[in-house]
Amino acid sequence: MPVIHHQSVLKGLTVQEAMRRSLIQLPRQASLEQAIRYLIKYKVNALLIINEQHEPLGVVSKTDLMGAYYAGLPVDAPVETIMVGPPLFCHPEDSLDAALETMRTHRVHRLYVLNEAAQQAMGVLAYPDIVGLLYRFCNKCNRSISKNQDLADRFQVREVMTPAVQAYGQDASLAEVMEGLAAYRFGAVLIKNLRDLPVGVVSKTDLIIAYKHGVSPQAEARTIMNSPVQSCDQEDLLLAALQKMIFADVHRLFVYQGQPQHLVGVLSLSDVARFRSGSCRACLISRVKID
Amino acid sequence: MGLRASDVMETNFYTLLPQTPIAEAVKIFKQASTEKGQIVFGMMVIDQQGNLVGMLSMYDIFLLIRPKHIHIWGEMSDIDVSGIIAQACQRARSLVVGDIMTTEVITITPDTHLLSILDIMLKKHVRRLPVLEGGNVVGIVYMSRVFDHLLERLAG
């Protein structure tokens with residue numbers, strides 16, 4: 001009997017080929033304020049915390065910093081008070097597929113790549129970088145997009161998006177927004193005005209900047225929201241949406257149906273990375289391999 | 001003669017406050033360059049008490065403008081990049097100098113020897129060094145000025 005394996009387009013790649021080599025790390029005594037500065041400056045979602053011997057101890061993510069803000073911790077507290085450790089590791093020679101499976105089962109967005117001999121981290125594998133790989137794959141593929149293909153063969157945003165939107169009124173407090181973000185594991189929430197129309201977005205990045213700037217958690221969401229809302233139509237092609245995210249340097253797009261005011265979902269880089277396929281159905285064919 | 005920081009430092013310089021918005025800081029860079037008649041690539045950040053708290057350089061601003069996944073762009077032949085600076089400025093709207101400045105700053109004193117300055121600049125890959133006396137900023141030494149000075153001495 002033939003066995004059918006569903007493969008992803010990333011099959012055959014190793015962690016080494018997909019990882020990012022520039023690691024952003026801080027010693028454990030560094031302050032939360034410094035951690036926020038590094039996250040903003042280097043555009044990363046988490047930092048590796050190391051000891052005096054440069055051995056990895058833990059991770060501080062935007063989510064952890066948002067928790068510190070919510071709990072009222074002073075920004076000069078050391079990062080070791082909020083870090084989550086030990087970090088989850090993979091190895092340079094591991095298959096990318098296995099590493100992605102570990103990320104999925106542990107519900108984390110990144111793995112650090114361990115150099116066993118030195119007991120030091122040598123790189124990081126994160127969802128946004130995987131999306132970059134997928135984009136490159138599709139752009140090079142002869143069967144993909146722009147190359148005489150029926151529209152029906154290409155994936156649309158609605159097939160990959162998370163079909164739910166968490167929204168708050170513009171007068172909701174930052175504390176309420178943080179509660180929502182923590183409970184639903186979203187990276188950002190939509191802010192609506194008094195007429196129930198979307199007017200902005202508050203992300204974890206906006207919240208940690210507010211934390212660093214000493215904004216009260218009781219301040220209204222509209223004081224720190226980002227506008228306009230970066231969005232796309234659910235019928236848009238996945239590749240076009242990806243291109244938009246890469247260009248605008250954002251981690252998510254809100255998805256509307258027909259009218260931009262009618263938001264129905266969110267497309268995040270994590271959604272696309274979890275999808276682990278290319279942007280058209282040509283991949284579905286190549287993904288079914290009969291042994 | 002001419003062997004110490006005090007001989008080559010610039011004592012007339014612009015500074016930034018940590019709470020200055022990024023857009024404002026960029027304007028000050030431009031203003032300083034116009035006034036000096038040469039491009040200013042980095043400035044000291046000094047708080048209201050007069051303490052040196054960091055440096056903001058062209059490098060820090062480049063980091064902010066560069067989209068994270070720029071390496072993929074080489075393969076985006078069909079994309080219009082004209083909006084990129086505007087997009088980056090839009091994203092940076094809520095940011096201030098203190099959010100992206102470099103705080104690990106190496107400083108020297110007015111009597112630091114010119115060759116030590118050279119050594120620090122080469123080893124640490126820095127192009128400018130604040131000069132502190134008794135904790136107060138009294139000047140800044142630019143790599144170009146050090147080079148200029150050395151050339152003069154060598155030629156002489």
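Helices (H or I, at least four residues) and strands (E, at least two) are DSSP runs, numbered from the N terminus. Keep that in mind for the labels on this tour. Residues are numbered from 1 along each chain as its sequence is written, while chains are lettered from A and ligands numbered from 1 in the order in which they are written. What you have open is a predicted model, where local features need pLDDT of at least 70, side-chain atom pairs count only at pLDDT 80 or more, and totals for chains, interfaces and linings use all residues.

**Stop 1: colour chain A by confidence**

pLDDT is the predictor's confidence in each residue, from 0 to 100. Chain A has a mean pLDDT of 86, with 88% of its residues at 70 or more. Now pick residues 1–6 of chain A: here pLDDT stays under 50, and the model has 9 contacts for them beyond four places in sequence.

**Stop 2: helix H7 of chain A**

Select residues 204–212 of chain A, which form helix H7. Of the 9 residues of H7(A), 8 are buried, so this helix is largely enclosed by the rest of the structure. A residue is buried if 20 or more other C-beta atoms lie within 10 Å of its own, exposed if 12 or fewer, and partly exposed in between, with C-beta atoms placed from the backbone. Among the buried ones in H7(A) are A:Leu207, A:Ile208 and A:Tyr211, and also A:Lys204, A:Asp206 and A:Lys212. Show the neighbours too: the buried residues of H7(A) pack against H2, H3, H6 and strand E10 (198–203) of chain A, together with helix H6 (97–100) of chain B. Just after H7(A), click on A:Gly214, which has a positive phi of about 75 degrees.

**Stop 3: two crossing helices**

Next, show helix H3 (residues 62–71) and helix H6 (residues 174–184) of chain A, whose axes come within 10 Å and cross at roughly 140 degrees. That angle makes H3(A) oblique to H6(A). Axes are lines fitted to C-alpha atoms, for helices over the stretch in contact, and angles run from 0 to 180 degrees between N-to-C directions. Under 35 degrees counts as roughly parallel, over 145 as roughly antiparallel, 65 to 115 as roughly perpendicular and the rest as oblique. (Ala, Val, Leu, Ile, Met, Phe, Trp, Tyr, Cys and Pro count as nonpolar, Asp, Glu, Lys and Arg as charged, and the others, Gly among them, as polar.)

**Stop 4: where the chains meet**

Bring up both chains: 18 residues of chain A are in contact with 15 residues of chain B. On chain A, helices H2 (32–41), H5 (127–140), H7 (204–212) and H8 (238–248) each supply at least two residues of the side touching chain B. H5(A) gives the most, with 5 residues. That side of chain A has 8 nonpolar, 3 polar and 7 charged residues.

**Stop 5: chain B alone**

Chain B has 8 helices and 5 strands, and its C-alpha atoms fill a box of roughly 60 × 40 × 30 Å along the principal axes. Buried residues make up 21% of its 156 residues.

**Last stop: A:Val264**

Back in chain A, find A:Val264 in strand E13 (residues 263–268). A:Val264 is partly exposed, with 16 other C-beta atoms within 10 Å. Its contacts, leaving out residues up to four places away in sequence, include A:Pro163, A:Val165 and A:Tyr256.

How values were computed:
Contact = placed C-beta atoms within 7 Å.
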